[in-house]
Amino acid sequence: MERVFRLRHPELPPAQAASLGELGGRERRRDAEASRTVAALASSPSKLLAALDLYVPLSENRVSLLFVLGDGDESPAPGAEGDVGHGLVAELVSCLEATLEEDAAALAFPGLRQVFMLNKTHAITRHAAGSDLRHLLPAEWLRVREERIEGYIKGYMDASWAPVVSRLDGGRTKQQARRRSPLSAFYAAFENACSAQRSWKVSDPALREALRQAVSEYVGPAYRRYLEDHPEVETAPGRTAEELEQQLSGLFEG
């Protein structure tokens, strides 16, 4: 950037030339640090938020740049198209999200990939919304991530709990239905899902409770409908709808 503006303004006043030199030095140091950070992210996506914080000083660089150019009110507002940090930060976030997607693709257990991406996207979104990063990202950035969060929750429900509830319809195949009663198949699938997902970690308390509530509101009514439609069925001890919902309250503790 420094070289570009020296070509455009070969004869700068001393004060502006000094500011441009300072900007160039900061830019080179920032780029070197960015390269090291992005390289580290390939093996440790948990450093994502630290990498994003690296670019908050770009808003300070913008002030220096406007001083050098003397553009005044004609310069773009923070976060607008053409702003210094706008494209750079958005591109970095996209690269880091792609790294997370690659890591998530290696998770084969049904629903775990969605929970992984839900955790990461929620953390990124919450952090960006509460920091100076929000000034360096496009206006629609938060909205897009909120829609992704909703999509991850839906994907998780489809992968993890739709197969469990489907057992109440007689199982996936007629052969399976002949081997085991729908209720027995449902109980077995329910226990397997709960057993696995107790060890899954959702760190944010509000997100964890929202996810539990989504599962409860999906599984509970389906189970109640089955019992109402089949009054001849006797539920085993510990198998009331309320007791199943209590089991779901222990999910995602890690």
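## Basis

The model is predicted: local features need pLDDT of at least 70, side-chain atom pairs count only at pLDDT 80 or more, and totals for chains, interfaces and linings use all residues. Residues are numbered from 1 along each chain as its sequence is written, and side-chain values use heavy atoms, without hydrogens and water.

## Overall fold

The protein chain has twelve helices and zero strands (DSSP runs, numbered from the N terminus: H or I of at least four residues for helices, E of at least two for strands). Of its 254 residues, 40% are buried, meaning under 20% relative accessible area with a 1.4 Å probe, protein chains only.

## Nonpolar core

The largest nonpolar core has 41 residues, and Tyr156, Trp161, Phe186 and Phe190 touch the most other members. Such a core is a set of buried Ala, Val, Leu, Ile, Met, Phe, Trp, Tyr and Cys residues joined through side-chain atoms within 4.5 Å. Helices supplying at least two residues each include helix 5 (84-105), helix 7 (141-160) and helix 10 (182-197).

Not counting residues up to four places away in sequence, Phe190 touches Trp161, Val164, Val219, Leu244, Gln247 and Leu248; contact means heavy atoms within 4.5 Å.

## Helices 11 and 12

Helix 11 and helix 12 pack at an angle of about 160°, with axes 10 Å apart. Axes are lines fitted to C-alpha atoms over the stretch in contact, and angles run from 0 to 180 degrees between N-to-C directions. The two helices are therefore roughly antiparallel (over 145 degrees). Val219 of helix 11 and Leu244 of helix 12 are among the residues making the contact.

Terms used
Buried means under 20% relative accessible area, exposed over 50%, partly exposed in between (1.4 Å probe, protein chains only). Angles under 35 degrees count as roughly parallel, over 145 as roughly antiparallel, 65 to 115 as roughly perpendicular and the rest as oblique.
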